[in-house]
Amino acid sequence: MTIVLPILLPMGMGALSLLLWKRPLAQRVLAVVSCAALVGVNAWLLMDVQQVGVRVVQIGNWLAPFGISLVVDVLSALLLLTVAVIALVVTLYGQVGIDEGRVRSGYYPLLHFLLMGVNGALSTGDLFNLYVWFEVLLMASFVLIALGGGRENIEGAVKYVVLNLLASTLFLSGVGLLYNLAGTLNMADLARQLPTLQALNQVTLVAILFLIAFGIKAAAFPLFFWLPASYHTPPVTVTALFSGLLTKVGVYALLRTFTLLFVQDVAFTHTVLLVMAGATMVSGVLGAAAQTDFRRLLSFHIISQIGYPLMGLGLFTQASLAAAIYFLVHVMLAKTALFLVAGMVERLQGTFDLKKLGGLYTRRLDVAVLFLLPALSLAGLPPLSGFFAKLGLVKAGLAQGQGVLVFVSLAVSLMTLYSMTKVWNEAFWKESPAQLMPTRSLSPWLWLPTAALVLLSLWIGLLPGPLFALANQAAELLLHPELYVRAVLGGVP
Amino acid sequence: MTLLLAIAAGVLFAAGIYMVLRRSLLKILIGLLLLGYAVNLLLFNSAVLVPGRPPLIPAGQDQPPAVYADPLAQALILTAIVISFGVTAFVVVLFRKAYAVVDSDDLNDMRCTDLPCLDELPGKRSEQ
């Protein structure tokens with residue numbers, strides 16, 4: 001029963017926020033309470049799933065292949081917890097970071113519905129249901145990105161909406177073709193049916209359709225162009241939330257479908273994934289090198305970082321999948337923290353333009369440290385979390401003889417370090433420019449949640465053991481789909 | 001019938017993709033609509049088409065007849081139609097707002113997110 005709670009809780013809270021439409025303060029308090037409760041529920045769920053392996057609920061008590069199953073395995077539970085933590089941090093930050101106008105236009109109900117969509121996508125065991133959850137979270141994110149109605153907002157939203165709708169269309173086509181081939185859309189049932197089909201080419205074709213659809217959502221090369229065009233337009237609180245959740249749900253969908261369903265032609269599909277991974281890393285980091293806007297630079301790094309979990313998926317061994325899952329958690333925390341710091345920098349100096357920023361190291365050492373830790377973690381310096389994630393991927397890559405890709409990933413790490421050094425030099429280290437605006441004060445609502453997130457990111461780096469054990473368990477389950485299938489279908493013949 | 005529907009879906013896909021690639025917002029909207037119709041037809045076609053045989057169990061028997069129309073595909077289409085209706089409503093409003101804010105429905109005028117805005121480059125606008 002508990003596995004329905006991550007969906008029901010945001011849904012109920014979203015409805016309640018709608019009822020409290022005219023009372024912004026109540027909505028703010030409700031959001032904090034709701035996200036804190038979600039962290040509790042999802043932590044409990046993770047502990048539970050860690051014992052059992054896979055938890056299943058058949059909605060409406062319809063037996064497995066006929067109804068909709070909700071399935072939470074270790075991977076889902078781990079990501080659910082990370083999502084809840086990020087949502088809590090961003091909501092606390094948003095107490096100051098979100099202006100009154102946005103709250104009055106329905107920011108909080110949308111936040112709840114976005115979380116409902118993300119949690120649903122992470123815990124469903126049915127492909128069509130996954131499509132529906134994607135639409136739920138997209139719809140909420142569409143409005144969140146367009147809220148405010150400035151020129152940049154609307155232009156960013158147009159690009160974001162059109163490309164994501166295109167992805168949904170492709171996804172739905174893939175679902176239709178798969179139903180035609182296998183006669184079922186339950187993922188566990190599909191995992192059982194697909195190997196028996198005498199239609200390898202068609203299945204591979206559908207796999208590529210899914211790869212394109214989820215690739216757009218995950219912002220992988222060459223499908224990422226909507227992301228740098230839209231992510232810097234909403235307030236930084238919203239961008240931080242999006243960077244932590246949305247593309248990662250796309251990566252989760254790839255991890256799920258390309259370990260459970262599309263494993264008949266690994267030599268082809270997973271090689272495509274590897275090429276995509278390398279190209280994503282390189283193009284993202286090169287795009288970032290050309291940027292002088294704090295948020296746009298970070299947006300390009302989102303793309304670059306997506307390449308690493310894809311690399312882990314493409315290598316397709318237990319070690320590489322474990323590293324990919326660890327990396328996913330690491331990058332969700334570190335990236336969100338970086339965006340939150342960018343928001344604090346903007347509060348202090350009134351701009352995101354790196355050329356106009358400066359001198360923050362002497363004025364606000366605390367903010368500088370909050371930037372430096374996740375930035376170095378993102379670049380992969382020991383002993384931070386990014387180092388262990390990349391070490392795992394590099395080891396797995398060398399074990400598979402993918403020397404070129406390993407070289408690319410290391411070179412991209414170096415480029416990431418260069419990029420982070422650039423931000424450090426421009427915003428924190430150099431003399432403050434003459435026309436600098438007066439340094440304003442910083443609310444603890446901004447400072448404390450960011451610091452907590454950075455500490456959490458530091459913790460999984462300094463003590464990587466527990467998280468790595470979890471990631472390893474999740475990877476083991478991914479590589480043994482028969483456990484997933486048995487848990488969902490049970491004794492059904 | 002299956003072949004006919006497949007051809008119709010294919011034509012709709014082609015037309016939809018062509019329209020999505022246009023620069024005008026209105027044409028992109030039409031393209032998205034056509035793509036939505038194409039997918040609905042494809043979903044409809046994904047189950048074997050059986051006319052005149054509802055998925056009902058006749059009185060006195062405990063199984064449906066051997067060949068019957070698959071209701072699941074139609075349930076999927078219904079869901080997809082409802083979702084695309086909601087999404088389209090939003091897209092219409094968004095595009096209208098975009099037209100009001102940018103004062104143009106040409107995507108080439110919407111570069112603020114990638115390049116410096118046209119209004120920030122004095123004189124650029126009047127040259128066009």
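A crossing of two helices is left-handed if the near helix is turned anticlockwise from the far one by less than a right angle, and right-handed if clockwise. By that rule, H5(A) passes H6(A) in a left-handed crossing.

This is a predicted model: local features need pLDDT of at least 70, side-chain atom pairs count only at pLDDT 80 or more, and totals for chains, interfaces and linings use all residues. Residues are numbered from 1 along each chain as its sequence is written, and chains are lettered from A and ligands numbered from 1 in the order in which they are written.

Look at the pair again. Helices (DSSP runs of H or I, at least four residues) are numbered from the N terminus. H5 of chain A covers residues 107-123, and H6 of chain A covers 127-146. They pack at about 155°, with axes 8 Å apart. Axes are lines fitted to C-alpha atoms over the stretch in contact, and angles run from 0 to 180 degrees between N-to-C directions. The pair is therefore roughly antiparallel, a term for angles over 145 degrees.

Now turn to helix H16 of chain A, residues 365-379. Just after H16(A), A:Gly380 takes a positive phi of about 95°.

How values were computed: Helices (H or I, at least four residues) and strands (E, at least two) are DSSP runs, numbered from the N terminus. Angles under 35 degrees count as roughly parallel, over 145 as roughly antiparallel, 65 to 115 as roughly perpendicular and the rest as oblique. The expected span of a helix is 1.5 Å times one less than its number of residues.
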